[in-house]
Amino acid sequence: MAVLPLGLSLLPESMLTISYGLDNPPTCPGSDFQTELYLSSVWTSLLEWNFVVVPLVFALWLITRGRRPSRVVARVVAAYVLLPALLEPALIAYDLSTVGARCWEVWEPTAGWNLGMNTYQMTYAVLILLAVRPAGPASPFRIRLRRTGWAAVLCCLLFGLIRVDQGPDERFTGADVVMRPIVYSGNHDLGALAPDTELPWGTGDGDEAAREPECDQWTVIHRSYGDTAPADRERAFFCQAREAGGYAPRLVRLPDRELLAYSRALCGVVGRPSTEPRVRKLLDQAGAYDWSYDLMSALVFLCPDAVAHERPELVLSEAEVQRRGEQYQAKMTSRCADPARRLRAVRQGTTALFVGEGGGYVIEDGDLEGDEEASRALGKAYDGILWELTAHRVAVATAVENDHVCLTVKVLRHAPRVRLKGWETAVETGVGSPSGKLSLTSWEEGEALPDLAVSGQGHYRVRVYARNQQEAVMNPSDVPVEEHLVVVYPGRSKRTFFLPR
């Protein structure tokens with residue numbers, strides 16, 4: 001029996017593999033553990049050699065005529081076979097008893113084959129134990145031990161059947177819920193809600209509720225929790241929760257009473273790890289993978305104190321968010337100094353400029369901002385500092401992204417003397433400004449920077465200095481490290497070149 005499974009290797013691989021996909025599967029620790037175990041080299045090298053180990057022990061048993069050493073080795077081999085054979089049933093039982101019956105969706109596609117093979121292995125392991133048991137009547141201790149073992153196995157099987165028989169937990173999934181209007185009496189006690197009256201701001205139909213004009217201030221304008229009056233916060237929650245695709249897909253069409261009840265249950269576990277069985281179960285039933293921003297921005301109107309521990313910015317008013325942003329920007333800018341103090345300019349500004357995903361900033365004509373233009377030829381040598389050139393736009397690359405760089409802008413009327421001391425890279429190019437407005441922009445502008453078109457409409461030269469780029473990438477810091485100096489002055493040339501050293 002141990003050798004016969006070798007015949008499976010002669011079958012085509014397509015007969016031994018199965019492909020399947022699951023929509024939003026739950027997190028099942030037992031299944032995850034099994035996957036990691038099967039992918040490990042330890043499992044393959046130690047526990048998948050039944051077809052070799054069992055025949056060798058059988059040969060030893062024949063040679064020694066069933067003496068004590070061969071019986072001991074045979075029992076060890078039987079345990080060797082039983083260990084992997086019992087592992088999968090044990091993991092299935094664990095997932096069903098801790099996470100719930102939804103984990104059966106994860107196990108079901110391969111359970112028939114795997115449990116069949118496990119039973120097959122357990123059969124010849126038991127036959128090995130029967131073959132090497134000593135002759136003669138068993139001692140009273142062994143009889144008691146055997147009876148205790150069978151009783152324990154029977155209890156485990158009964159417990160597993162009870163857990164499976166409970167079926168999937170379909171509460172609050174919205175799959176078969178009839179949309180019934182209910183009332184809200186002003187009391188948070190759900191027992192006080194009459195099932196035959198209606199909430200003043202929702203009918204239970206997610207699509208209609210999300211389109212109500214009175215919801216626009218939270219779903220369109222995105223009014224914050226801090227700017228919402230206490231009397232309107234529960235209404236704001238319903239508006240946020242009913243918005244399509246935002247809150248939790250399986251809850252948006254629930255009747256108001258059940259939506260409120262389920263959301264308060266989520267409030268009770270806000271911020272706890274999503275791997276905890278209870279938390280995982282609630283999130284799975286809601287159709288939410290994790291504590292997403294959309295989920296938290298709706299729950300904040302129900303349980304602000306709980307949400308504030310995880311996302312404190314969600315409880316602030318817009319004015320407070322702006323004030324804190326300005327304070328943070330001022331703190332970052334205070335770390336930046338003018339690197340060319342002796343160079344007198346008509347206009348100038350120094351700021352900690354935030355560069356977003358991909359990094360970089362743009363110098364372009366204000367009225368042509370974002371317009372599509374043909375790019376000018378740009379050699380590979382310029383890729384480290386310039387990444388795009390058009391007739392009215394210069395795009396400058398930064399080494400960092402989603403971070404601040406120190407940036408100083410100097411606007412002059414005449415070409416300045418070249419100063420390269422202390423700078424690692426310096427490049428100069430030309431740009432046109434038909435409107436007479438030339439601006440430097442990024443994802444966030446930080447402090448206001450001056451208009452760069454000092455002479456109005458016309459052509460300008462842009463000189464960019466950069467340093468500390470490699471240091472900023474290799475040694476991330478809470479303060480700006482990379483520095484840029486941008487010098488702009490009138491000039492008709494469109495030539496692009498590195499400044500000579």
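Does Val481 count as buried or exposed? This is a predicted model, and in it Val481 has a relative accessibility of 18%. That makes Val481 buried, because the cut-off for the term is under 20%.

So where does this residue sit? You'll find Val481 in the loop that runs between helix H16 (469–474) and strand S9 (483–490). Leaving aside residues up to four places away in sequence, Val481 touches Asn468, Glu471 and Ala472.

Now for a sheet elsewhere in the chain. Four strands form an open sheet, in the order S3-S4-S2-S7, and the pairing is antiparallel. Strands S3 (386–389) and S7 (438–441) are at the edges with a single partner strand each, so one side of each has no neighbour in the sheet. On average, neighbouring strands here are turned by 15 degrees against each other, direction ignored.

Asp365 stands opposite Leu438, which belongs to S7.

Here's the protein as a whole:

| Feature | Value |
|---|---|
| Secondary structure | 16 helices and 10 strands |
| Buried residues | 39% of the 501 residues |
| Accessible surface | about 28300 Å², 57% of it from carbon and sulfur atoms |

As for contacts with a separation of 6 or more, 72% are between residues 24 or more positions apart.

Key
Residues are numbered from 1 along each chain as its sequence is written. This is a predicted model: local features need pLDDT of at least 70, side-chain atom pairs count only at pLDDT 80 or more; totals for chains, interfaces and linings use all residues. Side-chain values use heavy atoms; hydrogens and water are left out. Two strands pair if DSSP finds at least two bridges between them. Helices (H or I, at least four residues) and strands (E, at least two) are DSSP runs, numbered from the N terminus. Axes are lines fitted to C-alpha atoms, for helices over the stretch in contact, and angles run from 0 to 180 degrees between N-to-C directions. Buried means under 20% relative accessible area, exposed over 50%, partly exposed in between (1.4 Å probe, protein chains only). Contact means heavy atoms within 4.5 Å. Accessible areas come from the Shrake-Rupley method with a 1.4 Å probe; for residues, only the protein chains shown count as cover.
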